[in-house]
Amino acid sequence: MSRPTVDDGTVPPGGGQAGSAPLLGGAPEPTIFELSHPGRSAWSFRTTGIPETPLADLIPADQLRPEPPALAEVSERDLVAHVTRLTHRQFSVDLGAYPLGSCTMKYNPKVCDTVASLPGLTAVHPSAPASLTQGWLALLVELEEALCAVTGMAAATLQPAAGAAGELTGLLLMRAWHRSRGEDRHKVIIPDSAHGTNPASVTLGGYEVVTVPSDPRGCVDMRALRTVLDGDVAGIMLTNPNTLGLFEEDIAEIASAVHEVGGLLYYDGANLNAILGIVRPGDMGFDVVHLNLHKTFATPHGGGGPGAGPVAVSERLAPFLPGPRPVRLDGDGLEPSYGWAVPDQSIGRMHSWHGNALVLARALAYILLHGRDGLRQVAEVAVLNANWIRHRLSGTYDVPFDRPCMHEVVLSVRDLRREHGVRAMDVAKAMLDTGFHAPTVSFPLIVEEALMIEPTETESPQTLASLATALEAIAAQARRDPDALHAAPRTTPVGRVDEARAARRLIATFDAR
């Protein structure tokens with residue numbers, strides 16, 4: 001299969017696969033149901049001779065289907081071929097550059113997967129007693145200590161299953177701490193550039209959202225912040241660097257102002273990749289920190305999970321952490337060295353069992369693989385890569401906040417839209433034709449026609465140059481033939497989808513019959 005081309009006839013520089021070839025002869029690829037034939041199967045088991053118990057004897061009749069589900073009946077060969085063809089159509093961080101801004105998507109070392117697959121970890125039942133799970137408990141305790149060292153916090157819970165669960169956990173910890181002091185506060189402040197989950201989590205946690213604007217530098221407007229600070233403010237949710245990829249230079253002043261009215265600071269760890277080993281949220285004045293292990297520390301990301309969103313807290317909030325927590329015991333060598341403990345004023349469980357354990361194992365493997373100096377280098381290279389992209393593309397796209405960024409850079413397509421009718425979505429769709437995944441578009445909302453690019457530390461200079469060349473070629477095409485971009489993508493299995501129509505006429509079910 002020849003590589004797709006940009007409209008000017010040049011071969012695109014992308015690092016990924018844009019589409020999948022049809023079957024020989026150009027015939028459309030059949031669906032799994034078109035391959036189906038009654039009586040075929042992709043499995044066979046040895047006959048045991050043990051009589052099979054009818055389902056009706058095991059499950060109440062009103063819980064059974066009136067007829068079998070309409071599943072495809074295919075041979076193993078056809079099933080493997082069908083699934084393999086589908087995998088060739090999917091884009092992943094293992095296939096090419098995945099420059100999603102605000103959502104770190106980086107290559108994960110396979111050694112971390114190997115470690116998490118060790119039988120000594122995978123063969124342990126979560127309800128096994130502490131005396132039989134000493135290895136797991138040691139792993140979890142070591143991970144918590146490492147995360148506290150990275151963040152500058154005193155203690156942590158590993159239970160939350162992802163970032164959003166971590167956000168809710170942090171807000172519930174805020175509530176518990178305030179109520180222990182006889183206070184019932186109702187407001188949480190977020191900046192207008194915040195992650196989209198922040199206001200949703202604030203509402204879910206039972207608080208009122210108070211939004212503060214950004215100043216001309218792209219940071220929290222301190223004057224506006226001071227006008228909304230009062231005794232009803234439970235806290236503020238921030239990420240630093242912020243969602244514009246810029247470091248909040250006034251963070252010490254922000255922390256002082258919020259603490260002055262009795263509020264707490266919550267750190268959204270989505271952008272932690274930019275400051276590993278360089279600066280710690282605890283040293284900035286934060287009281288609660290959630291970490292996206294599935295973004296920063298080499299665990300699976302995308303496709304629905306699994307994720308992990310541990311929450312670390314300062315010493316005064318430790319008594320409220322979810323429990324039980326893995327802890328070291330004062331053993332004498334004969335008794336188990338690790339066990340479980342429930343904090344005195346715990347808010348209760350936030351996850352069944354003890355979190356997504358194999359994700360936690362991957363994260364510890366990543367931390368031990370890099371060490372203190374290696375984690376710092378992760379941040380340094382991520383910041384260097386983002387600034388290289390900013391510098392390279394500043395003459396092609398508008399840079400709303402054109403000053404040194406951190407892990408990501410926000411570009412704007414507003415000039416191309418005004419002059420040629422090309423939007424950020426058009427640029428993103430055209431990126432798919434060059435073999436790259438599209439960056440985040442139209443976010444943060446305070447930037448018109450935003451393209452948000454986070455190259456991470458795992459992309460080489462050659463890949464960055466190819467990514468920049470592709471974006472430059474698309475901008476040139478926008479000026480020469482904007483209608484061609486409106487039709488992108490053209491080389492992917494599915495072309496441009498009418499998103500407005502899809503939203504209005506949603507078909508949420510699939511009938512295989």
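Reader: Does Tyr98 count as buried or exposed?
Author: In this predicted model, Tyr98 has a relative accessibility of 15%. Because the limit for a buried residue is under 20% relative accessible area, Tyr98 counts as buried.

Reader: What is the geometry of the pair made by the rings of Phe91 and Tyr98?
Author: The count of aromatic pairs comes to three. In the pair of Phe91 and Tyr98, the ring centres are 5.6 Å apart and the planes stand at 70 degrees. Since planes over 60 degrees apart fall in that class, the pair of Phe91 and Tyr98 is edge-to-face.

Reader: How many residues apart in the chain are Tyr267 and Phe286?
Author: Tyr267 and Phe286 also form an edge-to-face aromatic pair, with 5.0 Å from centre to centre and 80 degrees between the planes. Tyr267 belongs to strand β5, whereas Phe286 sits in the loop between α10 and β6, and their pairing therefore links distant parts of the chain, 19 residues apart.

Reader: What is the relative accessible area of Phe286?
Author: Both partners in this edge-to-face pair are buried, Tyr267 with a relative accessible area of 0%. For Phe286, likewise buried, the relative accessible area is 3%.

Reader: Which helix holds Arg362, the residue that is linked with Asp113?
Author: Among the 23 salt bridges found in the whole structure is the one between Arg362 and Asp113, whose closest N and O atoms are 2.7 Å apart. The two residues are 249 residues apart, with Asp113 in helix α3 and Arg362 in helix α12.

Reader: Does Arg362 count as buried or exposed?
Author: Its partner in the salt bridge, Asp113, counts as partly exposed at 27% relative accessibility. Arg362 has a relative accessibility of 15%, and so counts as buried.

Reader: Where is Glu449, the residue with which Arg417 forms a linked pair?
Author: The side chains of Arg417 and Glu449 meet in a salt bridge, at 2.9 Å from N to O. This pair links distant parts of the chain, 32 residues apart, with Arg417 in helix α13 and Glu449 in the loop between β11 and β12.

Reader: What is the phi of Glu449, which is not a glycine?
Author: Most residues other than glycine have a negative phi. Glu449, which is buried with a relative accessible area of 6%, has instead a positive phi of about 50 degrees.

Reader: What is the phi of Thr456, which is not a glycine either?
Author: Thr456 lies in the loop between β12 and α15, and at 0% relative accessibility it counts as buried. Although Thr456 is not a glycine, its phi is positive, at about 60 degrees.

Reader: How far apart are the end C-alpha atoms of helix α15?
Author: Helix α15 has 20 residues, and at 1.5 Å a residue these should span 28 Å.

Reader: Which elements do the buried residues of α15 pack against?
Author: The buried residues of α15 include Leu464, Leu467, Leu471 and Ile474. The buried residues of this helix pack against α12, α13, α14, β12 and α16.

Reader: What is the omega of the peptide bond from Phe443 to Pro444?
Author: The peptide bond from Asn240 to Pro241 is cis, with omega near 5 degrees, and Pro241 is found in the loop between β4 and α9. Pro444 is found in the loop between β11 and β12. The peptide bond from Phe443 to Pro444 is cis, with omega near 0 degrees.

Reader: Which residue has the backbone oxygen that the side chain of Thr492 reaches?
Author: Thr492 lies in the loop between α16 and α17 and is buried, with a relative accessible area of 19%. At 2.6 Å, the side chain of Thr492 reaches the backbone oxygen of Val494.

Note on methods
Residues numbered from 1 in each chain as written. Heavy atoms only, no water. Helix = DSSP H or I, 4+ residues; strand = E, 2+ residues; numbered from the N terminus. Buried < 20%, exposed > 50% of the residue type's maximum accessible area, 1.4 Å probe, protein only. Polar contact = N/O pair within 3.5 Å; in protein donor to acceptor, adjacent residues only side chain to side chain. Expected span 1.5 Å × (residues − 1). Contact = heavy atoms within 4.5 Å. Phe/Tyr/Trp six-rings, centres within 6.5 Å; stacked < 30°, edge-to-face > 60°. Salt bridge = Lys/Arg side-chain N within 4 Å of Asp/Glu carboxyl O.
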